[in-house]
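Visitor: I have just opened this entry and would like to learn how to read it. Could you walk me through it, feature by feature?

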Amino acid sequence: MSSLYEEIKSAPASDIPVRQITVNVNGEPRTANVEPRLLLVHLLRQAFKLTGTHSGCDTTNCGACTVLFDGRPIKSCTMLAVQAEGHNVETVEGLASASELNPIQEGFKQEHALQCGFCTPGMMMAAKALLEENLNPTEDEIRWALSGNLCRCTGYQNIVKAVLWAAEKMRAELN
Amino acid sequence: MYPSRFKYESPKTIAEAIKLLDAGKGEAKILAGGQSLVPMLKLRFAFPEQLVDINNIPGLDYIRFDADGSLHIGALVRHEHLEKSVEITNRQPTIAAAAPLVADPIVRTRGTFVGSVCHADPQGDWAATMIALHGYLVVQGPKGKRNIDMKDFVLGPYANALNYNEIAIEAVIPAPKGVARGGYLKLERRVGDFATASVAVSLDMSSDTVLGAGFALAGVGGKTIDANEAASALIGQKLTDATIAKAAALVAAKAEPRTDHRGSAEYKRHIIETFVKRILIANSEQKVA
Ligand SMILES: Cc1cc2nc3c(=O)[nH]c(=O)nc-3n(C[C@H](O)[C@H](O)[C@H](O)COP(=O)(O)OP(=O)(O)OC[C@H]3O[C@@H](n4cnc5c(N)ncnc54)[C@H](O)[C@@H]3O)c2cc1C
Ligand code: FES
Ligand code: FES
């Protein structure tokens, strides 16, 4: 395997210290030894084997790598893993409980909001950030909040419907 | 794409950060929001020996209007903080108009106002906004603090007037003598794209008379364009069809657009003139207290 994470494990440059970091991922502390240049997306996928977070464009454009960092959405291809030391990171794996889908996941299922599914984890995390701030978003507000996430398949229509569906269910659960 | 190797420090104070920059002798770089620097590291357009991450320095994320009316934006204020700030919406229309147009909503949660100004991208929205607002940066180095006026700050594409051992700690926008008006318009091909052409306008109004004005452009030149000279068409006057047309023509004359995949030079210059007019007309129609 020649993933960067493996490379870093085998060949740390002598003058660059590898550091041990602990990141709270989906509520659990996870520890890894990383070189500073490792990106958060690679920490999640390769060190923690959480491959739900996708790496699409690798140029900060597509949003497939979106995770929540202390509750706010970020593109994990554009943050260093060392920067997450001591912070809370939520990934798509944290959405469902053992027995139940999160309403956002259910919404995507109900409304057929995915085809290839590549963008879906990022879309759902961006949607989660929106719904945490605003449980009653308009269609416009949803489109706006998801405008940093690209989908090459669906045409977005059903993604917007899925978030509306989730919002309605979450409001109903509050009452 | 992996960045080349670098050392990483995350100091807790500005003084420590300056010490690291100083020791780096030009090979150390500040990491703020990382929304320009990390992509550049990945493309290996940038390959510093050392990164100095300022995100863990407390107390740099303030948006503050002082009693004298000046606006202070700390080095860790993110684009989304400005977008969501009620005070900015109420008191600083140029910044309020630009904030939702910078990048996309996810980039805006991390990228900083001051980092964007320092990055001095010819297409960047905040350097243009700061020039139009006659702002300055407070920077700190081993010998203490100094102010750098925005008109002297952007030296060229991605080049600013900071020494290698200096940090920009805040951006300051001087108080208006009257009421702050203005706006920002940007033409982009899609959400999150850089500007095809954009215009920042600041106005300082007393009743319906213009006390001061500022103009700057992004996306239409090799660097951020300072078009503040055009203020001469408005100062001491009212916003009328004639003064607006004169100012818009002066601003458009300052643009240095080039024909590219985003449009022809002629088209971009036309957009600039139209945008200046639109912003000024919108402000002439607002009743000023
Ligand atoms: C997909 C995408 C779309 C974008 N679209 C736009 C857009 O439409 N308009 C726009 O204006 N920008 C856009 N950007 C850029 C974005 O606004 C960046 O956030 C901004 O340019 C840099 O701010 P930062 O805090 O992320 O700085 P960083 O990336 O951390 O740093 C940028 C540079 O500034 C230096 N620096 C940072 N802070 C300081 C400081 N306090 N003192 C001294 N030097 C400092 C760094 O050393 C580095 O050289 C986009 C970025 C992406 C990824
Ligand atoms: S992989 Fe991070 S934005 Fe595309
Ligand atoms: S479902 Fe294929 S990219 Fe969105």
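Visitor: Which backbone atom lies close to an oxygen atom of ligand 1, and what is the distance for B:Q35?

Guide: Welcome! Keep in mind from the start that this is a predicted model. To read a polar contact, look for a pair of N or O atoms within 3.5 Å. Here, an N or O atom in the backbone of B:Q35 sits 2.8 Å from an oxygen atom of ligand 1.

Visitor: Where does ligand 1 lie, and how many residues surround it?

Guide: Ligand 1 is found between chains A and B. It is surrounded by 33 residues, and the closest are B:I30, B:S36, B:L37, B:T112 and B:D125.

Visitor: Now the two chains themselves. How many residues does each chain bring to the contact, and how much area do they bury?

Guide: Start with the residue counts, then turn to the area. Chain B contributes 33 residues and chain A contributes 35 residues. Between them, the chains bury about 2,800 Å², with 57% of it on carbon and sulfur atoms. On the chain B side, B:Y2, B:R5 and B:I106 lose the most area to chain A, together 26% of what that side buries.

Visitor: How many salt bridges are there between chain B and chain A?

Guide: There are five salt bridges between chain B and chain A. One to find on screen joins the side chains of A:D58 and B:K42, at 2.7 Å from N to O.

Visitor: Which elements of chain B give two or more residues to the side that touches chain A?

Guide: They are strand 1 (7-9), helix 2 (37-42), strand 3 (50-53) and helix 3 (79-84) of chain B. Sorted by class, the residues on that side of chain B are 14 nonpolar, six polar and 13 charged.

Visitor: How many residues of domain 1 of chain A are in contact with domain 2 of chain A?

Guide: In chain A, 18 residues of domain 1 are in contact with 15 residues of domain 2. About 1,200 Å² is buried between these two domains of chain A, and carbon and sulfur atoms give 59% of that. On the domain 1 side, A:H54, A:L68 and A:V92 supply 35% of the area buried against domain 2 of chain A, more than any other three residues.

Visitor: And how many salt bridges are found across the interface of domain 1 and domain 2 of chain A?

Guide: Two salt bridges cross that interface of chain A. A:E133 also forms a salt bridge with A:R72, with the closest N and O atoms 3.4 Å apart. By class, the side of domain 1 of chain A that touches domain 2 of chain A holds six nonpolar, nine polar and three charged residues.

Key. Residues numbered from 1 in each chain as written. Chains lettered and ligands numbered in written order. Predicted model: local features only at pLDDT ≥ 70, side-chain atom pairs only at ≥ 80, totals over all residues. Heavy atoms only, no water. Contact = heavy atoms within 4.5 Å. Buried area = accessible area lost by both parts, 1.4 Å probe. Salt bridge = Lys/Arg side-chain N within 4 Å of Asp/Glu carboxyl O. Helix = DSSP H or I, 4+ residues; strand = E, 2+ residues; numbered from the N terminus. Nonpolar A, V, L, I, M, F, W, Y, C, P; charged D, E, K, R; others polar. Near = heavy atom within 4 Å. Polar contact = N/O pair within 3.5 Å; in protein donor to acceptor, adjacent residues only side chain to side chain.
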